[in-house]
Every structure is written in structure tokens, then in C-alpha cells.
Amino acid sequence: MDAVEYLDLLLKSLLLAGVYAAMAVGMTVIYGVMKIVNLAHAGFLMLGAYFALEMFQRFHVDPILGSVLALPVFFLFGMAVHWLLIRWLPKSDTPTLASLLLMFGFWLVLQNIAYLIWGNEDQSILTPLTLSSVQIGQISIPKVNLVVFAAAVFCMAVLQIVFHRSWFGRSMRALIQNPYAAQIVGVDDQKTARLTFGLGAAFAGFAGGLLGMLFSFSPDFGRPFLLRSFVIIVLGGLESVSGVALGAILLAILETFGINIPLPVYWHGWSFHYLPPSYQQVIPFALLVVVLLILPKGLSSLFNRKWKAA
Amino acid sequence: MAEPQAETKQNDKILVAEGLEVSYGATQVLWGVSFSVTRGKVTCMIGSNGAGKTTSLNTVAGMLRAKNGRLLLNGDDITSLSPRDRVRRHISLVPEGRQLWPGMSVEENLLMGCFLRQFRPKAHPGLERIYGLFPRLKERRHQMAGTLSGGEQQMCAIGRGLMSEPQLLMLDEPSLGLAPRLVDEIFEFITNIARQGVTILLVGQNVNYTLQISHYGYVMETGRITLEGSTEMLMNNEFVRRAYLGIAEETPSK
């Protein structure tokens with residue numbers, strides 16, 4: 001492999017990381033504020049893809065715009081789900097079995113509703129963007145990847161501003177970092193939780209639409225991405241949008257390079273072999289196990305030791 | 001006591017707690033605790049670890065529910081109000097161990113003291129006021145609170161508590177874990193704040209200092225108030241001298 005190919009792979013993984021980050025950030029804020037592992041995230045991702053598809057097929061809305069439109073729609077949907085289901089869960093500082101089961105059950109419900117409506121065949125969103133690509137030197141990049149990346153990064157930047165410049169953003173961070181202190185200054189944890197769940201669902205729907213432009217999907221769509229979200233959260237920690245971005249970049253690079261460069265194998269002496277592409281799914285799993293063993297508090301624990309004092 | 005006299009006495013009480021009983025699960029920690037805080041004065045609670053001082057403050061702040069007893073703020077019953085509604089009524093708690101948000105800047109920590117919508121217009125003048133009181137915080141306003149020294153963190157916590165211009169400021173162990181020089185500094189700040197007319201309810205293990213800057217004090221032991229009186233009286237009390245000003249002070253627990 002020569003340098004151009006490496007550069008090509010690197011670029012492709014960075015472009016993928018944009019969507020990955022948008023996909024994981026929703027789950028991160030929900031976990032941070034409510035300590036709920038949102039297994040239904042996969043369902044929201046899947047619905048987001050179908051939302052973009054329906055908008056495209058019925059109303060000829062460009063799927064990028066459709067994904068952005070998913071933000072407000074899924075925000076309201078998420079708030080409704082919180083109001084109907086999640087607010088009844090007992091409060092806890094750690095994930096509870098009740099919340100896991102509730103979210104898992106809700107995912108199954110979403111999935112089966114999707115089977116009823118759309119059946120089980122694979123769908124994909126094809127636009128003129130899908131087949132054309134941009135040529136930079138010897139590297140060619142599909143336009144759709146570029147556009148998806150730009151949309152993801154833009155929305156993440158907006159989220160970052162909301163996180164740091166608005167009272168709602170501050171109240172979310174306050175609840176993540178010290179819920180007791182948040183209550184002392186009068187943060188309404190129920191209201192913030194409702195808005196946060198809406199925000200998490202909004203980003204899931206948005207990321208689902210973007211992923212639907214890159215991959216074909218069925219009602220079972222979210223499953224592998226749910227796992228990737230876990231890995232990104234574990235890598236990036238809960239404190240910041242930038243942590244999520246870092247985790248996403250790392251995962252995307254490892255996934256892309258893992259099956260594209262020969263790995264050293266010891267079998268009667270050293271030799272190099274390619275990992276079969278079907279093993280790509282194994283990489284996030286393996287990464288999750290390794291990270292949990294070595295850095296159970298995520299990458300940020302490497303940088304933020306000093307926070308422990310507080 | 002004559003009736004009219006009792007009435008005037010009631011009026012300058014900003015907070016009255018009557019027979020508070022609080023439990024953590026099955027363990028009862030407050031057994032009929034009654035105390036009051038006089039407007040414009042510093043009232044303190046002293047006592048050893050686990051006596052129920054922090055629990056009392058948390059109950060006043062609404063973080064814990066009293067299963068019996070009443071809390072009156074300016075004569076209004078606030079026993080069943082949420083912490084949020086008590087903040088709204090200008091009660092402010094500076095909790096034990098500072099409880100800042102380590103990953104938020106000093107300025108954001110302070111701003112959160114004005115989180116409630118009714119306080120937000122006061123947020124920016126409030127910042128200037130706090131920076132006037134604690135110039136060190138102004139220098140470090142963009143620094144993460146988790147990177148501050150212990151004393152600076154305490155200043156930040158007190159600053160946050162003052163942001164909403166509270167009518168009652170509760171300070172829980174403001175000198176805990178600080179170097180002696182910083183302890184002097186913190187108590188000086190508290191005295192200054194008190195001089196500006198802020199009503200303070202102070203809990204401290206540094207009994208000597210705490211009594212010196214207070215006007216009235218309560219002694220708590222195992223969930224009950226065992227002694228109360230003016231601070232001069234407490235400082236001369238044989239039991240207080242022996243238990244808190246003598247031996248106990250040299251072996252502070254934790």
C-alpha cells in the first residue's frame with residue numbers, strides 16, 4: 001500500500017467519524033443527565049432513516065434536508081416518550097435494570113411497528129449525490145460522504161454552542177457533573193431530563209437519516225450502530241462534545257484501517273494477513289472489551305486526572 | 001413571656017424550624033430539632049461529626065424531607081416546598097465539600113447561582129459584585145473550577161451562593177480542609193458578607209472561629225439540640241469549652 005491509499009483511508013474514516021459522532025452524542029447526553037442507557041437509540045436511528053426516506057419519496061425533500069427536519073420532529077417525539085414512559089422510572093445515580101428493560105422493550109416496539117409499516121426488505125436512499133464523486137489528486141471521494149460529513153459537523157457545532165452558551169446547556173452539564181449541586185441552585189431535573197431526552201432523540205433521528213444515505217437499511221437497522229455508539233461513549237466519556245468526536249474518530253479509523261491493512265499474525269512464524277471484511281463488525285466489539293479493561297473511565301481519564309480532586 | 005413581646009420576636013426571625021425529624025431510610029438522624037435564625041445576624045450550629053448539622057441545612061434547603069416538624073420562612077410554611085421553590089424564595093446553600101461543577105469554568109459556576117429565570121437579569125451585575133468580593137476569582141474566571149485550589153473553590157462556592165442575593169445564606173463547613181491561612185481569609189470574607197446585612201446560618205467544625213464571628217449559636221449532639229445561647233455565653237460554657245474549644249479542636253476528625 002502506498003501513501004495515497006493511506007491518505008484515502010484516513011479521509012474516508014474522518015468523513016465517517018462525523019456521522020458516528022452525531023449518532024453517539026444523543027446517547028451520551030441522555031446517559032449523562034439521566035443515567036439511562038438508551039437502548040431504544042437504535043430504534044430512533046432506524047426511524048430517522050425511514051423518516052428521511054419517506055420525506056424523499058413522498059415530498060421530494062432532499063435527504064440531507066430531511067435529516068435536518070428530523071431534528072425538530074424527533075425532539076418532540078423524544079419529549080413525548082419521556083413524558084409517557086421515562087419519567088415514571090425510579091430515579092437513580094446508576095443505570096437500573098428497570099430503565100434497561102424499558103428502553104429495550106421500547107426498541108422492540110419501534111422495530112416491530114417499522115416491520116408493519118415498511119416490511120423487512122432493505123431500503124436505500126439514492127440521490128444524484130450518491131453516485132458522483134469528487135476527485136482530489138488520485139483520491140476520489142463520494143459526494144454523499146462529504147455532504148453528510150458537513151451536515152453532521154454543522155449540527156455538532158450548533159450543539160456545542162447550545163451546550164456552552166445557553167442556560168439549558170449549562171443545566172445539562174450541571175446535572176451531568178454534579179446533580180446535587182444542580183438541585184441546590186434550582187435546576188428542575190425533570191424538565192431538563194425531558195428536554196435532554198428530546199435532544200438525544202433529535203440527534204438520533206438526524207444521524208439515522210444521514211446513515212440511511214450511506215448504508216442500506218431495514219427495521220433492524222440500528223443494531224450495529226448502537227454498539228458503535230457504546231464504544232464511542234466509553235472512549236469519549238460524558239463530559240463534552242469534543243470527547244464524543246474524539247471517540248468517533250478513533251473508532252472510524254480503527255474500523256477502516258482494521259480491514260484494509262495487513263495485520264501481523266503469529267502462526268509458525270510471523271506473517272501478515274488481511275482481516276476478512278466480514279470481520280469489520282468485530283472491531284468495535286473488540287475495542288469495547290479492550291477499552292473497558294484498560295481505560296474503564298474513557299480516554300478523557302488520561303487528560304483530566306486533576307478533576308478528581310473536586 | 002408576654003404575648004406582644006413574642007410577636008415582635010417572631011418578626012425578626014427569618015427562619016424558624018420547629019421539631020424537625022428527618023430519616024435516611026430507616027435511620028432517624030434528627031430528633032425534634034428546633035432553631036431559629038435572626039434577620040441580619042450570624043447564627044451558628046456546632047457539634048461533632050454526624051450530629052446532624054449538615055442534615056439540618058439540607059432539610060432547610062429542601063434536599064431532604066422532614067417527616068415531622070415545620071419550617072417557617074418569614075412566617076410562611078415552606079416545609080413541603082421543593083428545593084427549587086426555596087431557591088426562588090432566596091434561600092441559598094453553600095454545601096459541604098463545595099460541590100462545584102469541576103468541568104465548568106469559574107464564571108459558569110457562578111452564573112449557575114442565578115439559574116432561575118427570575119434571577120437571570122441579575123446575573124451579570126451579580127458577577128461583577130462577586131468579582132469585587134473575590135478578585136482572585138476574576139483572574140481565574142475562564143479556568144475550570146476543578147483546577148482551582150481548595151480555598152479558591154470555597155470562594156467560588158460562596159460566590160455562587162451569593163449570586164441570587166439570598167435573604168438567608170447557609171454555609172456548611174466553609175473552612176473544611178483548608179490551610180490555616182486560608183481559614184482566616186474565608187472567615188474574614190464571611191464576616192464581611194455578614195456586615196453587609198446578609199443573614200447567615202453557619203455550620204462549622206472550627207468551633208473557635210465559628211463562635212467568634214456568630215451572634216447566636218446552637219450545639220448539636222446525636223440529632224438533638226443540646227444547648228443554645230448567645231456566643232459569649234457558649235464560649236464561657238464549661239461543656240463547650242471542654243468538648244469543642246479544648247481537646248476536640250486539636251483532633252479534628254477527617
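**Close-up views of a predicted two-chain model**

**View 1. A bend in helix 1 of chain A.** Follow helix 1 of chain A to Ala24(A), and you will find a bend of about 25° there. The views shown here all come from a predicted model. Helix 1 of chain A covers residues 3–34, 32 residues in total, and its end C-alpha atoms are 45 Å apart. Why does that distance agree with expectation? At 1.5 Å a residue the helix should span 46 Å, so the two values agree.

**View 2. Where chain A and chain B touch.** Here 20 residues of chain A meet 23 residues of chain B. On the side of chain B that touches chain A, helix 3 (83–88) and helix 4 (106–112) each supply at least two residues. Which of the elements gives the largest share of that side? It is helix 3 of chain B, with four residues. Sorted by class, the side of chain B that touches chain A holds 14 nonpolar, six polar and three charged residues. For the model, the scores are ipTM 0.88 and pTM 0.87.

**View 3. The four-stranded sheet of chain B.** This open sheet in chain B has its strands in the order 2-1-4-5, with antiparallel pairing. Strand 2 (27–38) and strand 5 (76–77) of chain B are the edge strands, each pairing on one side only. Inside the sheet, take a look at strand 1 (residues 13–24) and strand 4 (residues 68–73) of chain B: they run antiparallel and are joined by five bridges. Which residue of strand 4 is the bridge partner of Glu18(B)? That partner is Arg70(B).

**View 4. Helix 2 of chain B against the sheet.** Helix 2 (residues 53–61) of chain B packs on the sheet, where it touches strand 1, strand 2 and strand 4 of chain B. The direction of helix 2 makes about 115° with that of strand 1 of chain B.

**View 5. Confidence along chain B.** Chain B has an average pLDDT of 89, and 93% of its residues score at least 70. Two stretches deserve a careful eye. Residues 1–8 of chain B have pLDDT below 50, and this stretch has one contact in the model beyond near neighbours in sequence. Over residues 247–251 of chain B, pLDDT stays under 50 too, and the model has four contacts for them beyond four places in sequence.

Note on methods: Residues numbered from 1 in each chain as written. Chains lettered and ligands numbered in written order. Predicted model: local features only at pLDDT ≥ 70, side-chain atom pairs only at ≥ 80, totals over all residues. Expected span 1.5 Å × (residues − 1). Bend = angle between axes of the 7 residues up to and from the residue. pLDDT = per-residue confidence, 0-100. Contact = placed C-beta atoms within 7 Å. Nonpolar A, V, L, I, M, F, W, Y, C, P; charged D, E, K, R; others polar. Pairing = 2+ DSSP bridges. Axes fitted to C-alpha atoms, helices over the stretch in contact; angles between N-to-C directions.
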